[in-house]
Amino acid sequence: MDYDFTFIVTGVTVEDADAVESLFDTLDATLAKAGGQHMVSITMDGPRAVDAALHAATALRECAPGLRVIRLDRDLVGIPEISERTDRSRQNVAQWVAGERKAEHGPFPAPEGVAGRTQVWLWTEVNAWLRKHGMGDTDVTYPSREEMTEIDFALANAVSLTFKYAPTLGFDEGRQTVVRELQRRHMPKLVKVLTGSQTLDQNGRHVVLVADQHEPADAVMKRVADFDHGVMLVTMTDQFVGAELSTQEDASPSPEVVSVPTTATVRDWFELALEHPGASFTPGGMERAEPHPAPVKQLLLAAAA
């Protein structure tokens, strides 16, 4: 389902031509300024409004470094704005509000409040009422009042992510499938798992290492060793899976070290991780004295599509 969002943002301005162009060209998102605040309007699909909103927020941050999504704009409208959006006269809109016309499908929504001397309404509720009368937007869905509250809470507790990959070639399509599945269905759970994890880089972003299940495990394990902090490795096998890993000396000691065969894939490695909970893993042939990923600290599991 397509959802239409307008976010209040900071960290970018309409004067930043590169950000404006990148957001529009990459995400078909529009950066604007109104009432002294910068806002980004974007349409994003998802099974639920909150999933689509978190997907959109992540995509915006990836597209425009420095951008921070603060909250949803409530899109409050008065009679003049409703008149303009529906191409009806202000008198007609006033009659809807008073219940003198178009009342067969229920009363006009209650106002959200008063701005000055003028009543204002949530556009999402007005549009839902208009749809019952064949006049509202039908190509996109706006989040409801309850969904807005859930989204703002999720955004306030969200984390910033940066996606990384091993240098092996030929796995881009599989990696992008993992990213899409993560953003479409599993982002809220991943955010919860990342909270309190040791996967932050120097910019305060959680590093998520994305792998195709068929990639060589040793290449991915060596990529983990490139970081001076933990990373969250995610992939898709029969399930969407993820594990927090680290090669740092201060990582939790492991009672068991498992050698991963040089021919093993990432899928094989995760199967070993499930068979040996709490173990450390080293690429086949690597000396034990060399750095190796520490025990899995947290494991994210979710049924794949």
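In which strand is Val40 found? The legends below take this residue and several others in turn. The model shown is predicted.

**Figure 1. The chain as a whole.** The predicted chain has nine helices and 14 strands. Of its 305 residues, 47% are buried. Among the contacts in the chain with a separation of 6 or more, 66% are between residues 24 or more positions apart. The accessible surface of the chain comes to about 15,300 Å². Carbon and sulfur atoms account for 48% of that surface.

**Figure 2. Val40, a buried residue in strand β3.** Val40 is found in strand β3, which covers residues 37–45. Val40 counts as buried because its relative accessibility is 0%, and buried means under 20% relative accessible area. Leaving aside residues up to four places away in sequence, Val40 touches Phe5, Thr6, Phe7, Val9, Leu23, Ala29, Thr30, Leu31, Leu60 and Leu67. One of these residues is Phe7. Val40 and Phe7 are 33 residues apart along the chain, whereas their C-alpha atoms are separated by 5.3 Å.

**Figure 3. A negative surface patch that includes Asp18.** Five residues form this patch: Glu15, Asp16, Asp18, Glu21 and Asp25. One of them, Asp18, lies in helix α1, which runs over residues 17–27. Is Asp18 buried or exposed? Asp18 is exposed, since its relative accessible area is 60% and the term applies to values over 50%.

Figure 4. Asp28 is found in the loop between α1 and β2, and strand β2 covers residues 30–34. The phi angle of Asp28 is near 55°. This value is positive, and Asp28 is a residue other than glycine. Asp28 is exposed, with a relative accessible area of 54%.

Figure 5. Where is the place of Asp87? Asp87 is in the loop between α3 and α4. Helix α3 covers residues 79–86, and helix α4 covers residues 90–98. Asp87 is not a glycine, although its phi is positive, at about 60°. With a relative accessible area of 69%, Asp87 is exposed.

Terms used: Residues numbered from 1 in each chain as written. Predicted model: local features only at pLDDT ≥ 70, side-chain atom pairs only at ≥ 80, totals over all residues. Heavy atoms only, no water. Patch = residues over 30% accessible without salt bridge, like charges linked within 9 Å, V, L, I, M, F, W, Y side chains within 5 Å. Areas by Shrake-Rupley, 256 points an atom, 1.4 Å probe, with all protein chains shown as cover. Salt bridge = Lys/Arg side-chain N within 4 Å of Asp/Glu carboxyl O. Lys, Arg positive; Asp, Glu negative; His and termini not counted. Charge placed at Lys NZ, Arg CZ, Asp CG, Glu CD. Helix = DSSP H or I, 4+ residues; strand = E, 2+ residues; numbered from the N terminus. Buried < 20%, exposed > 50% of the residue type's maximum accessible area, 1.4 Å probe, protein only. Contact = heavy atoms within 4.5 Å.
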